[in-house]
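Hi,

Here is the structure I promised to pass on. Have a look at it first, and then read my notes below.

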Amino acid sequence: MKLLIVDDEPGIRTLIRKYAQFEGYETEEAENGMAAVELCRNRKFDLIIMDVMMPELDGFSAVREIRKHDTTPVIMLSARGEEYDRIHGFELGIDDYVVKPFSPKELIMRVNAVLKRAARTPEDENILEFGELRIDFSARRVTVEGKTVDLSPKEYDLLFYMAKNCGIALTREKLLSNVWGYEFFGDDRTLDTHIKLLRKQLGPCADRITTLRGVGYRFEK
């Protein structure tokens, strides 16, 4: 599998490349967003690791351009961990958001998890209905009051997992492990941000997701 590493800092690219190649991945590099967009137009990658703050074209803008013709999974790197930046990235359809400084070993674990999740095939061909909320697992389609809701891949995965475990208290650790595919590393802002985005998308059905203070969340029947 081939990874595209995009960062304007050569040292960061080298660090990620060494760990990725040790895990058996092929790698290619780009020093800015513009170069990344050009590479993605002409070549196929299995996953992109994209920095946010770069010259010529920032990471967010680069992802927006790439998403016009490519659905390759993206892990975003950023020195900024503010909720606004995370939400912006997830709304663009990125798969994960890692704040600098980061552990290269953890980053590769996240790469493995995203690629594993991307390779999954649907196992359930059924439909669940909760009042005005209808979830079609086989078609990966969600409707609220008869209108299709446009969810990001991660929002789909999160909603589907919670709905399948309806009525069960789900800890943050369990949600991260089963939806993101990696062990809990102590930063649950990624999960909370996705819950916030998912509730916004569900509109009148947002109250199906209940916050369990100090524990996690529960999907209500």
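Of the 221 residues in the protein chain, 52% count as buried. Keep in mind that this is a predicted model.

Let's start with the overall picture. The chain has eight helices and 12 strands. Its radius of gyration is 18 Å, close to the 17 Å that the globule rule gives for 221 residues, so the chain is as compact as a globular protein of that length. If you draw a box along the principal axes, the C-alpha atoms fill roughly 50 × 35 × 30 Å. Among contacts with a separation of 6 or more, 58% are between residues 24 or more positions apart.

Next, the aromatic rings. A pair of aromatic rings is described by the distance of the centres and the angle of the planes. Searching the whole structure turns up four such pairs. One of them is Phe 130 with Phe 219, an edge-to-face pair at 4.9 Å centre to centre, with 75° between the planes. Phe 130 sits in strand 6 (residues 127–130) and Phe 219 in strand 12 (residues 216–219), so this pair ties together parts that are 89 residues apart in sequence. Both Phe 130 and Phe 219 are buried. Elsewhere, ring pairs join Phe 137, Tyr 156 and Phe 160 into a cluster.

What does Thr 143 touch, apart from its neighbours within four places in sequence? Its contacts are Glu 132, Leu 133, Arg 134, Thr 148 and Val 149. You'll find Thr 143 in strand 8 (residues 141–144). Thr 143 counts as buried because its relative accessibility is 13%, and the cut-off for buried is under 20%.

Finally, a few backbone details. Most residues other than glycine have a negative phi, and most peptide bonds are trans. Here are some exceptions:

- The peptide bond from Lys 100 to Pro 101 is cis, with omega near -10°. Pro 101 is in the loop between strand 5 (96–99) and helix 5 (104–118).
- Glu 56 is not a glycine, yet it has a positive phi of about 70°. It lies in the loop between strand 3 (47–51) and helix 3 (59–66), and at 64% relative accessibility it counts as exposed.
- Arg 140 also has a positive phi, about 50°, without being a glycine. Its loop runs between strand 7 (133–136) and strand 8, and at 32% relative accessibility Arg 140 counts as partly exposed.

Cheers

Technical notes
Residues numbered from 1 in each chain as written. Predicted model: local features only at pLDDT ≥ 70, side-chain atom pairs only at ≥ 80, totals over all residues. Heavy atoms only, no water. Helix = DSSP H or I, 4+ residues; strand = E, 2+ residues; numbered from the N terminus. Buried < 20%, exposed > 50% of the residue type's maximum accessible area, 1.4 Å probe, protein only. Contact = heavy atoms within 4.5 Å. Rg over C-alpha atoms; globule rule 2.2 N^0.38 Å. Phe/Tyr/Trp six-rings, centres within 6.5 Å; stacked < 30°, edge-to-face > 60°.
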